[in-house]
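Colleague: I would like to go through the charged side chains and the core of this model. Could you take my questions one by one?

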Amino acid sequence: EVKQRERLEVLTWDLEQANARLEELDRLKSEFVSMAGHQLRAPMTIIKGYASLLLEGTIKGTTDTAKEALKKIMFSTEQLIKLVASLLDLSRIESGKIKYEFVMHDFSAMVQEVIDKFKPNAQKKGIAFVFENKLGPASFIFDTDKLREAVVNYVDNAVKYTDTGDVRVTLSSMQGPDGAWARLEVRDSGIGIKNEDIWKLFDKFSRTEEAKRQDPNGMGIGLYFAKRVIRDHGGNVGAFSEGIGRGSTFWLELPMSLKS
Ligand code: ADP
């Protein structure tokens, strides 16, 4: 009798917890939709505004003001493209329709491409950007577009959430029971993360207060997508930080067992 009552209490408690989590997700989703709506509208308004100034001739032809206007149009267009990409990633994960194309590639070469792409961004912010490749050429089978996006999310975040100091990307290899693994580590000297926040960063919509302050426009999708993609390649992800203002390290590990 007492045992049964205890069991019932435990079950009720579990249900309440699950329900609270669902309500929280529901709230986050509404917040996300409203935020995405605003974020779609803002750059579109900018693009439309400057395009019409150019069209009406208020801003003339090839002048510096015209170039400025075009730059703003470009920037807002890029923001839109990123946002739409995030929305698509989210909907693909949610509907269980991520399609992978597993082909043989050089993982090091792909990471090098991402590094080359982000170097100017880091330099513009005055951050040192260092890439150390201890892995060397590493060909195995993976979906290069998806993994590139995961790596881009790590590197993009490191640059975005760091104002002074450096971003260090390290590639290395590890020996697992089932063969060699590749490990990518992105370490920065940026805003850092509270210990109690770390476990949820890879969940959807998860953003720390510090991150919201640094970049109000983030969507909290990038790491969720990265985790899913790495897991689907049989790998692992993780993060650690010494605390607020003391930088962060994000890592991912991939088995290189698939070779042909
Ligand atoms: P977004 O950057 O759009 O918010 P992400 O999914 O890429 O979304 O990241 C989720 C959250 O993880 C961020 O909002 C931030 O709180 C935290 N985060 C990610 N990378 C870093 C980093 N390099 N330094 C500090 N916090 C980070």
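This is a predicted model: local features need pLDDT of at least 70, side-chain atom pairs count only at pLDDT 80 or more; totals for chains, interfaces and linings use all residues.

Colleague: Which side chain meets Arg 27 in a salt bridge?

Modeller: That of Glu 24, at 3.2 Å from N to O. A salt bridge here is a side-chain nitrogen of Lys or Arg within 4 Å of a carboxyl oxygen of Asp or Glu. Both residues lie in helix α1 (residues 2–56), three residues apart, about one turn of the helix. Helices (H or I, at least four residues) and strands (E, at least two) are DSSP runs numbered from the N terminus. Glu 24 is partly exposed as well, at 30%.

Colleague: Why can such side chains pair at all?

Modeller: Side chains of opposite charge can pair when their charged atoms come close.

Colleague: How many salt bridges are there by this rule?

Modeller: The count comes to 20. One of them joins Lys 82 and Asp 156, at 4.0 Å from N to O. Lys 82 is in helix α2 (residues 64–94) and Asp 156 in helix α4 (residues 144–160), so this pair ties together parts that are 74 residues apart in sequence. Lys 82 is exposed, at 53%.

Colleague: And which residues are linked with Glu 185 in a network of salt bridges?

Modeller: The network links Glu 185 with Arg 183, Arg 187 and Glu 253. Between Glu 185 and Arg 187, the closest N and O atoms are 3.6 Å apart. Glu 185 counts as buried at 16%, whereas Arg 187 is partly exposed at 41%.

Colleague: Changing topic, which residues have the most contacts inside the largest nonpolar core?

Modeller: They are Phe 107, Tyr 154 and Leu 184, in a core of 52 residues. Such a core is a set of buried Ala, Val, Leu, Ile, Met, Phe, Trp, Tyr and Cys residues joined through side-chain atoms within 4.5 Å. Its largest share, eight residues, comes from α4.

Key: Residues are numbered from 1 along each chain as its sequence is written. Side-chain values use heavy atoms; hydrogens and water are left out. Buried means under 20% relative accessible area, exposed over 50%, partly exposed in between (1.4 Å probe, protein chains only).
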